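Me: Could you walk me through this one? I'd like to ask about it piece by piece.

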Amino acid sequence: MSNPIDVEEKEVCLVDDDPSVLKSMHYLLASEGIKVRTFSKAEDFLTHAGTHSVQVVVTDIWMDQVTGLEVLARLCAISPKTRVIVITAREDLAARATAMAIGPVAFFMKPFDDEKFIAAVRDALNQSRK
Amino acid sequence: MSSDRKKTELSHSKAELSRGNEILHSILSDMGDAVIVADKDENFVVFNPAAERMFGVRATDAKSHEWSQRFSLFLPDKVTPFPPHELPLTRSICGEEVDNVEMFVRHKKAPYGIWTRITGRPLRDSNGELLGGVIVCRDITEIKEEEFFRAGQSRVLEMIAADAPLADVLTNLVLLMEGQAEGLRCSILLLNRDGKHVRHGAAPNLPEAYVKAVNGAAIGPRNGSCGTAMYARKPVVVTDVTTDPLWSDYRELANICGLRACWSTPILSPQGEVLGSFAMYRQETRGPRPEETRLTEIATHIAGIAIDRQRQQEILRQREARISLAAESADLAFWILYPEQNTAWMSEKGRLIYGFDSNLPLTCDLILSRVHRDERAAVKTAYDRSCALYGTFESEHRLLLPYGKTRWVIMRGRCLKDEEGNLLETIGVTLDVSAQKQADLQLQVQREEMAHRNRVSLMGEMTASFAHELNQPLTAIANNASAARRFLQRGNIDPALLQQLLQDMVADSQRAGEVIRGIRSLVRKETSAHTLLNLNEVIADTVRLVSTDVLSRESVVTTELDPQLPQVSATLVQIQQVLLNLIINALDAMEGLPPAERRVIVSTRWDKDDVVEVSVRDFGTGLPKDQPDKVFDHFFSTKQKGMGMGLTIVRSIIEAHGGTIVAEDAPERGARMVVRLPAVRGQKQTIAAA
């Protein structure tokens with residue numbers, strides 16, 4: 001683990017303004033041995049993405065300050081190669097369509113199936129390694 | 001002694017005697033009192049000029065049994081001839097001393113009669129032998145008349161006090177006045193309430209034609225003596241009605257009736273209001289003499305008392321009639337309680353309301369026993385407190401009648417004390433409000449039903465928020481459970497970590513429970529418990545509740561809250577309902593705007609000492625131009641999906657909290673809904689101290 005790039009390759013960023021959801025996703029991915037970096041504010045994550053190479057991000061699209069869709073749009077500009085997994089607590093077809101157009105690899109309604117979620121995260125990590 | 005000397009002495013004695021007789025004669029002639037002397041054979045020895053004047057005849061040879069008739073002597077009833085053996089002179093001749101016998105005399109020369117008071121003494125010689133009798137008669141006519149006049153006034157005043165009919169009182173008064181002077185005729189006219197026309201009061205000795213002609217006439221500056229006196233509010237003296245211009249309209253009538261002079265004086269109430277007039281008529285042309293002016297003063301004074309009293313009584317009667325009519329038609333019970341004696345009185349209607357038989361003797365305890373047992377102690381406490389303070393009391397409570405019937409009543413009373421400050425009685429009314437109460441309860445049920453439907457429909461507007469609020473903790477729980485399972489499967493779990501995961505799951509379950517409780521409280525039906533609320537906190541919670549929907553509508557809700565805001569006493573769910581309605585309306589009003597312009601500002605302000613103001617403003621199209629208040633009407637809606645009930649319910653909730661709500665156009669654009677609620681007193685200090 002001496003190569004910083006290596007570390008970053010295995011890391012998943014989590015963005016959610018709800019602290020308990022953020023923490024629980026952290027535990028879930030940690031239980032699978034996946035390294036996680038958490039952000040409770042979308043702005044903080046975007047700042048991080050500007051200076052670091054981010055392979056995979058899991059983000060909520062309904063947050064108080066900046067909407068998840070905005071995050072997607074800005075991330076696209078900063079780091080077009082980042083794989084994005086969207087989670088939302090609300091069924092909103094329009095938002096989903098918009099999100100898919102920007103390009104996430106997966107879309108999950110909260111609460112979600114843990115197996116499928118973990119599989120999606122692993123897929124994303126694997127694809128980003130290629 | 002020589003015979004000459006004897007002769008001289010005799011002639012001296014005769015001369016002295018003659019001079020004595022002369023002196024006596026002179027005294028008797030000039031005396032005002034009548035003096036009569038008769039010998040034992042009833043022959044008159046002395047009958048002085050005053051006696052001739054008083055009895056209208058000279059001394060005669062008539063004997064005592066004829067004296068009553070001959071000298072026109074009557075008992076004080078003025079009609080019964082004086083019994084001969086009772087006559088003071090007869091009794092004196094018989095040797096009796098007689099003092100202060102009153103007698104009435106009437107003859108041709110004294111047609112109105114003379115009153116006399118008589119004293120009599122027997123006459124005896126030096127041996128005590130009876131020679132005859134003497135009487136002295138004093139004329140007391142003036143004293144008697146004054147006495148009768150005063151008695152007459154007392155009689156009239158007694159009639160007034162006994163509430164005799166006004167016509168009878170005034171007729172008696174006029175007759176009394178007429179009796180005081182020869183040839184005098186009097187009348188009383190009454191001024192109508194319009195202050196412009198007169199009506200007949202009393203004129204027992206004026207011709208009927210004259211009375212009829214005057215009845216209903218107008219007052220004015222040239223309307224006879226009476227009409228002018230009432231108009232000018234001062235006495236009017238017409239010495240000759242045939243020439244005076246004031247009488248031009250009545251001259252002929254006066255002529256027919258034989259009236260020549262008429263003096264009239266206005267009758268005033270104690271407050272100076274003109275009530276009528278008192279007039280004196282004469283058949284000769286002259287003005288009033290001082291005694292007649294004095295009579296007028298007395299007559300107008302007494303008539304003023306009589307008319308004013310009658311007016312007051314009429315007002316009282318009308319008021320009583322109105323009160324009793326109102327009481328009967330308003331299901332009102334009148335009652336009086338005498339707490340010292342534990343007795344009570346109650347009107348018939350009252351007995352019906354309380355379910356007492358008409359002839360059941362009432363006590364304070366019996367009346368109190370009708371109050372529903374749950375409320376009896378509170379009613380008794382309120383009543384006792386008002387008795388102790390001699391104040392008033394009011395209580396709304398239920399009565400429990402025989403056979404289990406219940407009534408809702410409002411009882412109002414006042415304690416009265418006597419001059420020494422002791423509690424005398426409590427008087428009051430009880431109003432049967434059962435019907436109104438029933439209607440109120442129904443209305444409240446309807447209102448709550450409507451408000452409930454509104455809250456349920458609000459829930460539909462907030463599904464995104466609710467889904468989000470609930471899904472967040474559920475997601476966390478699912479993730480944590482899944483993580484724990486995976487750690488366990490891998491067999492390398494740190495017990496502290498497992499502890500942490502389980503703790504988080506418990507916390508998130510509780511959070512989900514809170515969300516569900518919040519939803520349930522919004523859709524629950526019974527929602528009327530008032531508590532002290534900090535509106536800033538309620539607003540922050542409510543805005544958080546709708547935050548997801550606000551985001552999904554691509555809008556922004558911001559708050560500007562006054563940190564010094566005092567608390568209000570209100571029902572939390574209802575205030576939340578008001579805020580949700582106003583915020584969702586504001587969001588709806590901006591649907592057509594570009595997302596960047598969709599802003600709602602919720603602000604609070606401490607308006608005045610006792611008022612808290614909450615306003616919700618949007619930047620939409622504003623209120624309907626013609627009638628801004630129309631937004632509060634039932635079924636008024638600018639939205640396709642709206643029922644138009646939201647703001648109607650909002651207003652009814654605010655008004656039930658003692659507040660107001662107005663809709664106004666906001667500066668620049670958009671609408672502003674301003675809610676004002678009464679602040680709870682004393683909160684300013686608490687907050688400042690905290």
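Me: Before we start, how should I read the numbering, and what sort of model is it?
Reply: Residues are numbered from 1 along each chain as its sequence is written, while chains are lettered from A and ligands numbered from 1 in the order in which they are written. This is a predicted model, in which local features need pLDDT of at least 70 and side-chain atom pairs count only at pLDDT 80 or more, whereas totals for chains, interfaces and linings use all residues.

Me: OK, the sheet in chain A: what's the strand order?
Reply: The order is 2-1-3-4-5, in an open sheet of five strands with parallel pairing; strands here are DSSP runs of E of at least two residues, helices are runs of H or I of at least four, and both are numbered from the N terminus. Two strands count as paired if DSSP finds at least two bridges between them.

Me: And which are the edge strands?
Reply: Strand 2 (35–39) and strand 5 of chain A are the edges, each pairing on one side only. From one strand to the next the twist averages 20°, with axes taken as lines fitted to C-alpha atoms, for helices over the stretch in contact, and angles running from 0 to 180 degrees between N-to-C directions.

Me: How many bridges join strand 1 to strand 3?
Reply: Four bridges join strand 1 (residues 11–15) and strand 3 (residues 56–60) of chain A, which run parallel, and A:Val12 stands opposite A:Val56.

Me: What lies across those strands?
Reply: Helix 2 (residues 19–31) of chain A lies across strand 1, strand 2 and strand 3, and runs at about 170° to strand 2.

Me: Switching topic, how many residues does each chain put into the contact?
Reply: Chain B gives 23 residues and chain A gives 19, where contact means that C-beta atoms, placed from the backbone, lie within 7 Å. On the chain B side, helix 15 (463–490), helix 16 (495–523) and helix 18 (547–552) each give two or more residues, and helix 15 gives the most, with 16 residues.

Me: Which of its residues are buried?
Reply: The buried residues of helix 6 of chain B include B:Leu166, B:Val169, B:Leu170 and B:Leu173, buried meaning 20 or more other C-beta atoms within 10 Å of a residue's own, exposed 12 or fewer, and partly exposed in between, with C-beta atoms placed from the backbone. Among the elements covering the buried residues are helix 5 (141–161) and helix 10 (290–329) of chain B.

Me: Are B:Ser72 and B:Lys78 buried or exposed?
Reply: B:Ser72 counts as buried because it has 20 C-beta neighbours inside 10 Å, whereas B:Lys78 is exposed, with 11 other C-beta atoms within 10 Å.

Conventions: Two residues are in contact if their C-beta atoms, placed from the backbone, lie within 7 Å.
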